[in-house]
Amino acid sequence: MLIEQLINGITLGSIYAIVALGFTLVFGVLGIINMAHGEIFMFGAFIGVVVTSTFKGPLWLAFLAAILVTAAMGYMLERFALRPLRNKQGVSHLAPLISTIGVSILLENLSHHIFGPGNHPFRASFAEISFQIGSITVYLVQIVIFVISVLLMYALSFWLGKTKAGKALRATAENLETASLLGVDVKRTITMTVIIASAMGGIAGILVGMAFNSVTPQMGLSIGLKGLAIIILGGMGNVKGAMAGGLILGLAETFVVVYGDSGYKDAIAFVAIIVILLIRPQGLFGQKISA
Amino acid sequence: MLAELINPYYLQVASFILINIILGVSIYITLSTGQLSLANAGFMGIGAYTSALLTLNFDLPIIVGIFAGTLLAGLFGILIGIPTLRLQGVYLAIVTLGFGEVIRVIFVNWESMTKGAVGLSGIPHMGREILNTLRGFGFDPKILGLQNNQFVFLAIFLILLVATISIITFFRRQNRSRVGRAFAAIKLDEKAAESMGINITYYKVLAFAQGALVAGFAGTLFAHVLAYISPADFAYHRAVEILIFAVFGGSEVIWGPVFGALFLTAMPEVLRFISEYRYMIYGLIIIIMMAVRPQGLIDVNILNWVKLKTSRRGQKHGTSSQKSM
């Protein structure tokens with residue numbers, strides 16, 4: 001029982017971590033909280049539903065389609081909602097936040113109109129397959145989700161740490177102007193970051209669809225807000241913090257459902273951020289910034 | 001004559017416009033110190049639920065409920081404000097958004113008290129209570145030549161109008177006072193304001209609490225005008241809706257959010273086909289406004305231009321040239 005819940009928690013947590021990584025990449029490079037990330041993630045999930053249920057396509061095609069669509073949405077987000085605000089004189093630092101709130105509300109209602117408001121089931125062909133290890137039941141879906149998440153996190157860490165583009169991204173995150181002086185194509189790096197973050201959101205969307213077997217237009221908001229909570233928990237712009245924060249929140253939510261009141265599950269994330277911001281504003285894994 | 005002019009439907013729409021104007025003012029107050037608070041929907045919920053529960057469960061008069069709800073929301077504003085105002089910019093926005101969500105989750109889950117997601121219905125209706133009270137004194141709307149429901153909605157509208165005008169007047173006067181100048185100084189540069197001897201924590205908490213108070217007041221009115229509330233009324237969408245009043249209308253002057261609330265509430269009513277796409281249009285408006293005119297439609301320049309126009313016209317006609325100064 002305990003181990004099964006642990007596995008549930010880790011599955012949920014690894015999805016949260018992927019969502020949070022999308023937030024943290026954009027925040028690290030641009031210093032912007034992308035409120036539309038949750039909605040892009042939700043669109044990824046819907047693309048998955050359309051491909052697997054409506055067109056009866058295979059799962060890998062769903063992933064591919066979701067990545068393409070969300071990457072395109074990421075580009076549009078950067079092009080139309082973020083770029084016009086950059087390098088503009090006299091724009092409040094809140095403007096990008098408000099602008100992405102606009103995108104989020106637009107996308108949520110767009111999906112209402114395109115896909116309908118109800119609950120869409122997500123049928124993975126292997127949803128019912130499970131293994132029995134001793135007294136523990138493990139579903140194949142959980143393993144698939146976990147493996148994909150770990151692969152994704154590993155690929156991202158490798159890309160950020162070892163490749164030239166990743167180095168450029170980290171340089172831009174450190175200091176935009178200096179990076180640009182040193183010959184980094186900052187504009188391209190920023191666009192690429194938003195696109196990659198959005199594509200990760202799309203992948204996470206399909207994973208969530210598989211895990212919960214349901215996709216709704218509202219899920220973008222609730223998961224998006226949790227992603228926000230996680231990056232605050234782990235430290236803003238901190239990649240490892242986002243992964244750890246995701247796991248912590250996933251486990252915490254699972255255990256509240258088991259041992260506490262399931263209704264308050266969704267409040268944990270926000271209580272956590274309020275407490276974290278008051279006690280340790282730099283996040284659990286963040287560096288203290290000297291004022 | 002009067003009876004034909006008064007259409008309960010228009011009065012109802014006008015009442016919602018006035019409530020939204022009050023909400024717009026509530027976000028304007030915190031924005032006037034340069035802080036973005038997305039908790040006002042939550043404060044509105046606290047006000048609405050407090051007043052509704054007091055009047056439903058304890059048969060208290062509506063006016064007591066309104067006072068209690070408003071004060072409790074303001075109290076929460078102080079309680080939340082003191083710790084969170086150490087945070088700045090986006091962090092504050094997220095925490096206040098989180099606070100709003102926590103409030104909503106509590107409303108949904110505290111079923112013994114709030115009836116959960118179903119919401120509270122049968123809340124005493126402000127207009128009808130007034131009518132009943134006046135009936136007790138032997139008053140009949142027919143004296144004014146009005147139907148009962150015409151009188152009910154007219155009474156609500158007039159009360160809201162008085163409340164809205166008083167609130168706007170109060171904050172316009174406050175803007176020209178020591179407090180208003182402190183707010184403006186903090187908005188321009190917090191550190192400079194502090195070095196000038198302004199107690200920034202005090203003024204920021206004051207602005208935050210005032211915003212909460214006004215939002216809570218709007219919430220109590222909302223409850224007693226609609227007679228039905230549910231947690232969904234005070235969720236993220238409401239927070240965004242309040243925000244867009246200020247984003248669209250402008251947050252530099254108090255007339256900005258007032259205009260934003262007026263225009264954006266009336267628009268879906270006038271253009272019926274729009275109301276289905278309302279939130280999509282809201283989203284587009286936010287994106288376009290941020291890119292093109294981040295200070296909102298109405299700013300200080302526009303106000304000065306309007307003043308100039310009206311004063312010129314006054315001079316041309318040879319009247320009121322002194323008044324317009």
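**Entry 1: two domains of chain B**

I looked up how far apart the two domains of chain B sit. Their C-alpha centres lie 31 Å apart. This is a predicted model, so I am reading computed positions throughout. Domain 1 of chain B runs over 2-294, and domain 2 covers 297-325.

Next I checked where they touch. Nine residues of domain 1 of chain B are in contact with five residues of domain 2 of chain B. Which helices of domain 1 each supply at least two residues of that side? I found helix H12 (236-249) and helix H13 (255-270) of chain B. H13(B) gives the largest share, three residues. I then sorted this side of domain 1 by class. It has four nonpolar, three polar and two charged residues.

Residues 38-56 of chain B are 89% helix and 0% strand. The end C-alpha atoms of this span lie 29 Å apart. Residues 62-82 of chain B are 100% helix and 0% strand. Here the end C-alpha atoms are 30 Å apart.

**Entry 2: chain A against chain B**

How many residues of chain A are in contact with chain B? I noted 36, and they meet 30 residues of chain B. The largest share, eleven residues, comes from H4(A). By class, the chain A side has 29 nonpolar, six polar and one charged residues.

**Entry 3: helix H5 of chain A**

I tested the length of helix H5 of chain A, residues 140-162. It has 23 residues, so at 1.5 Å a residue it should span 33 Å. Its end C-alpha atoms are 32 Å apart, which agrees.

Then I asked which residues of H5(A) are buried. They are A:Gln142, A:Ile145, A:Ser149 and A:Met153. I recalled a rule for reading such a list. An α-helix has 3.6 residues a turn, so residues three or four places apart point the same way.

Conventions: Residues are numbered from 1 along each chain as its sequence is written. Chains are lettered from A and ligands numbered from 1 in the order in which they are written. This is a predicted model: local features need pLDDT of at least 70, side-chain atom pairs count only at pLDDT 80 or more; totals for chains, interfaces and linings use all residues. Helices (H or I, at least four residues) and strands (E, at least two) are DSSP runs, numbered from the N terminus. Two residues are in contact if their C-beta atoms, placed from the backbone, lie within 7 Å. Ala, Val, Leu, Ile, Met, Phe, Trp, Tyr, Cys and Pro count as nonpolar, Asp, Glu, Lys and Arg as charged, and the others, Gly among them, as polar. Domain bounds come from an automatic or database domain assignment. The expected span of a helix is 1.5 Å times one less than its number of residues. A residue is buried if 20 or more other C-beta atoms lie within 10 Å of its own, exposed if 12 or fewer, and partly exposed in between; C-beta atoms are placed from the backbone.
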